[in-house]
Amino acid sequence: GMMESPSNSRNTASAAWRAFLSLLEYKCEREGTHFVAVNPRGTTKECASCGVSTDKPLWVRDHSCPACGFEADRDANAALNIRSRGLEDVGVGHSESMPVETALPTDTNSVSAKRVVEAGSPCLKEPPKAASRQW
């Protein structure tokens, strides 16, 4: 009922949004993660890939960049832009230069490279097989 009131509905919505943000900030602090409030203005019109802004009416639900050809759902594009702005505010921007290629020796004295399991390995996603025991 309070949201349907023409005189105070904007203030009520603003207070509810602020309460949500303060709860989110509290939960992030409790879990040891970062909370950054970013300005969402223009995130649906800005391309998440190249940054070119394209005017489009609200009823257009897909983002298609005329400059780079990037296509995504309008909300997904906005979410990528908001995430990028948040990472920039924290100071975790992506470098513009090419990544440096590193090479490791095939065998070191302490650990053989053949025995290293990377974090993205499917071996870590599958539970270990139980060895059959005979008593």
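The structure is a predicted model, in which local features need pLDDT of at least 70 and side-chain atom pairs count only at pLDDT 80 or more, while totals for chains, interfaces and linings use all residues. Residues are numbered from 1 along each chain as its sequence is written, and side-chain values use heavy atoms, with hydrogens and water left out.

A pair of aromatic rings is described by the distance of the centres and the angle of the planes. Rings of Phe, Tyr and Trp (for Trp, the six-membered ring) are paired if their centres lie within 6.5 Å; planes under 30 degrees apart are called stacked, those over 60 edge-to-face, and the rest tilted. By this rule the count comes to one aromatic pair. The ring centres of tryptophan 17 and phenylalanine 20 are 5.5 Å apart and the planes stand at 35°, so this pair is tilted. Both residues belong to helix 1 (residues 9-31), where they sit three residues apart, about one turn of the helix. Helices here are DSSP runs (H or I, at least four residues), numbered from the N terminus.

How accessible are these two residues? Residues are called buried under 20% relative accessible area, exposed over 50%, and partly exposed in between (1.4 Å probe, protein chains only). Tryptophan 17 is exposed because its relative accessible area is 55%, whereas phenylalanine 20, at 43%, counts as partly exposed. Together with Leu24, Trp17 and Phe20 form a nonpolar surface patch with about 320 Å² of accessible area. Such patches are made of residues with over 30% relative accessible area and no salt bridge, joined within 5 Å for nonpolar side chains (Val, Leu, Ile, Met, Phe, Trp, Tyr) and within 9 Å for like charges. A salt bridge is a side-chain nitrogen of Lys or Arg within 4 Å of a carboxyl oxygen of Asp or Glu, and the areas come from the Shrake-Rupley method with a 1.4 Å probe.

Next come the cysteines. The structure holds zero disulfides, a disulfide being a pair of cysteine sulfur atoms within 2.5 Å. For cysteine 47, the nearest cysteine sulfur is that of cysteine 68, 3.7 Å away. Cysteine 47 is buried, at 1% relative accessibility. The sulfur of cysteine 50 lies 3.5 Å from the closest cysteine sulfur, in cysteine 65, which is too far for a bond. Cysteine 50 is partly exposed, at 38%.

Finally, asparagine 77 is found in helix 2 (residues 74-90) and is buried, with 0% relative accessibility. Its contacts (heavy atoms within 4.5 Å) include Cys47, His63 and Phe70, not counting residues up to four places away in sequence.

Terms used
Helices (H or I, at least four residues) and strands (E, at least two) are DSSP runs, numbered from the N terminus.
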